[in-house]
Amino acid sequence: MSLQAAVSDQILAIRVNAQIDDLANHERFATATPDMVEAIVEGIGQFAAGEWAPLNRIGDKEGAVLANGTVSLPDGFAAAYQAYVEQGWNAIAGPVEHGGQGLPFTLAANVLENLGSANMAFSLLPMLTVGAIESLHHHGTPAQQALYLPKLISGEWSGTMNLTEPQAGSDVGALRTTATPRGDGTWSIKGTKIFITWGEHDLAGNVIHLVLARTPGAPAGTRGISLFLVPKYLVNADGSLGARNDLRCAGLEHKLGIMASPTCVMSFGDNDQCIGELVGHENEGIKAMFTMMNSARINVGNQGVQIAERALQQARYYARERIQSARAGSPSREPVAIVEHPDVRRMLLRMRALTEGARALLYYTAGMVDRGALGIEGAQARADCLVPMIKAWGTDIGCEVASLGVQIHGGMGFIEETGAAQHYRDARIAPIYEGTNGIQAADLVTRKLGYEGGEVLTSLFAEIVANCSDAPVLQALAQDCIDVAQWMAADSSIDDKLAGSVPFCTMASVAVAGWQLQRQVRDGAGGEQKAVVARYFNEHLAAESRGQKALAMAGADLFYALSAEALAG
Ligand SMILES: Cc1cc2nc3c(=O)[nH]c(=O)nc-3n(C[C@H](O)[C@H](O)[C@H](O)COP(=O)(O)OP(=O)(O)OC[C@H]3O[C@@H](n4cnc5c(N)ncnc54)[C@H](O)[C@@H]3O)c2cc1C
């Protein structure tokens, strides 16, 4: 079935959770007027549903193909990407001095939300380019920025992030790719990267790879990693394309989902002629990566919302169309649409509450990022704490909602023709890449929990307690979060903290998402429907989450009761 952009719910979240009107009061974001917001949300919604969504199925069936060193996509992708670039969607939040529109990150998040609901695999192309833009914007030299940023911002060229190697996944510090000075200020790059999203393709004129590598004599681990810009085609001083660089796509991975996103094995320097430029300072590559990591992780959390929305729309449609059995509580023996059965209603309401709650959390986080960029006190630290929540919980709910979507379709959900199965398969990558959800939870309890002696997180939960007198379960859940945070800060070992990190991350996310949904209810624009969805969120999801307090504080002893041989032998 065709996609309908969730325009009104997106505008509500942008207005209430990101508080866009307040952002527009600052000179930097003054162009984000209500009219502009509406034009963007409606415009990208229409574009994505009209031009990218119809390619979702064919992208899944035919996927990306590697032949003679070139990766091609099914018919229609090149034209759809060209239209996206020509309409200026790639430039929404790019810096004005390099051709961007300088609008808030919140609105760039909305562009991605719509593109990803339409076609998650395809939306990874602009999503990765954003990462390259941010790295260069913050760490590139003026010359690098002038040469590369305008074409990355327009979308004429695309970008990639090359971190992962076979032995270096979560442990980025184990990477071995090398960079050796060539004597002319450039570097010779040599090594193999795996799992590189959109690492090779023919949709953009050039592919700008950002590659993490080690320079000679660099310290071991993450302290010895530097960031390099390595273009597919070398770029002349006037911006024209030069020779092909010594890098190639050595293979495409065969995957569970996102078939139209080429996941490449990239080989750099087969002939020792791969030329790269240092970005930022030597051995400070991880710092440069951290700059773009926040937005990259939010953008992956956004994918959870995207796929949840798509799966939800499909399930709603099917629940009205599929006739099966009389309703047990009705005197009539006529078979009814399955939406009439209590358990199907439970699933639909759960899907809606998870999707709308995650969207509320997404735009709250995005708005906080924009406030951080404006230098508003405390905003950046709060955004930093919200990032692992939207990444981990957002992508977890993407999987749960897509799974419920399959369930609502019954047997037809397991059959590829309906498309429900594709959403389920596509959703599954998001908890894995851009730092697995386990790594996100570890980041929350080992780094973020310690911000300002724990004050940043506890003040967030205290605000929920103070602000939710109309939602007592949320208040109680937020108080649970304070209790866990204090226990982790004071009484627990590092193993205990890590053992409880995922339950804590989940309960914290549910508390913040529920609070933000409650703010939407108070706004009133979502009417009765929003109130019912939020009630389900509070009475079911938040109530369930309260059970996680005991799990978060259970400690690690049970997990180590069996030896590694006994557990995994
Ligand atoms: C489709 C796809 C696209 C990708 N795109 C890119 C890309 O564009 N660029 C790029 O550089 N990489 C990319 N990746 C790589 C991705 O980021 C990694 O797969 C991910 O970071 C996990 O690393 P790994 O696969 O080596 O898993 P591992 O690190 O081996 O992890 C395996 C399991 O162990 C857990 N684990 C590992 N270490 C710890 C720890 N310290 N504490 C607790 N748990 C731990 C993990 O959470 C996970 O559950 C992509 C991967 C895929 C599959």
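**Exercise 1. Locate Ser325 and decide whether this residue is buried, partly exposed or exposed.**

Solution. Ser325 lies in the loop that joins α9 (285–321) to α10 (342–373). The structure is a predicted model, and the values below are computed from it. For the backbone, phi of Ser325 is near 70°, which is positive although the residue is not glycine.

**Exercise 2. Describe the shell of residues around the ligand.**

Solution. Begin with the residues: the shell holds 20, and those that come nearest are Leu163, Gly169, Ser170, Thr197 and Gly438. Next, assign elements: β3 (158–162), β5 and α14 (437–446) each contribute at least two shell residues.

**Exercise 3. Characterise the packing of α14 against α11 and the covering of α14.**

Solution. Step one is geometry. Two packed helices are described by the angle between their axes and the distance between the axes. For helix α11 (residues 379–408) and α14, the angle is about 145° and the axes are 9 Å apart. The crossing of α11 past α14 is left-handed. Step two is the contact itself: α11 provides Pro388, Lys391, Ala392, Thr395 and Asp396, while α14 provides Asn437, Gln440, Ala441, Asp443 and Leu444. These residues divide into 4 nonpolar, 3 polar and 3 charged. Step three is burial: 7 of the 10 residues of α14 are buried, so this helix is mostly covered. The buried residues are Asn437, Gln440, Ala441, Ala442, Asp443, Leu444 and Val445. Their cover includes α11, α16 (472–490), α17 (494–499) and α18 (501–523).

**Exercise 4. Identify the residues with the most contacts inside the largest nonpolar core, and list partners of Val512.**

Solution. The largest nonpolar core comprises 182 residues. Phe228, Ala308, Leu474, Ala511 and Val512 have the most contacts inside this core. Once neighbours within four places in sequence are set aside, Val512 is in contact with Leu361, Tyr364, Leu386, Met389 and Leu460.

Notes:
Residues are numbered from 1 along each chain as its sequence is written. This is a predicted model: local features need pLDDT of at least 70, side-chain atom pairs count only at pLDDT 80 or more; totals for chains, interfaces and linings use all residues. Helices (H or I, at least four residues) and strands (E, at least two) are DSSP runs, numbered from the N terminus. A residue is near a molecule or strand if its C-beta atom, placed from the backbone, lies within 6 Å of it. Ala, Val, Leu, Ile, Met, Phe, Trp, Tyr, Cys and Pro count as nonpolar, Asp, Glu, Lys and Arg as charged, and the others, Gly among them, as polar. A nonpolar core is a set of buried Ala, Val, Leu, Ile, Met, Phe, Trp, Tyr and Cys residues joined through C-beta atoms within 7 Å. A residue is buried if 20 or more other C-beta atoms lie within 10 Å of its own, exposed if 12 or fewer, and partly exposed in between; C-beta atoms are placed from the backbone. Two residues are in contact if their C-beta atoms, placed from the backbone, lie within 7 Å. Axes are lines fitted to C-alpha atoms, for helices over the stretch in contact, and angles run from 0 to 180 degrees between N-to-C directions. A crossing is left-handed if the near helix is turned anticlockwise from the far one by less than a right angle, and right-handed if clockwise.
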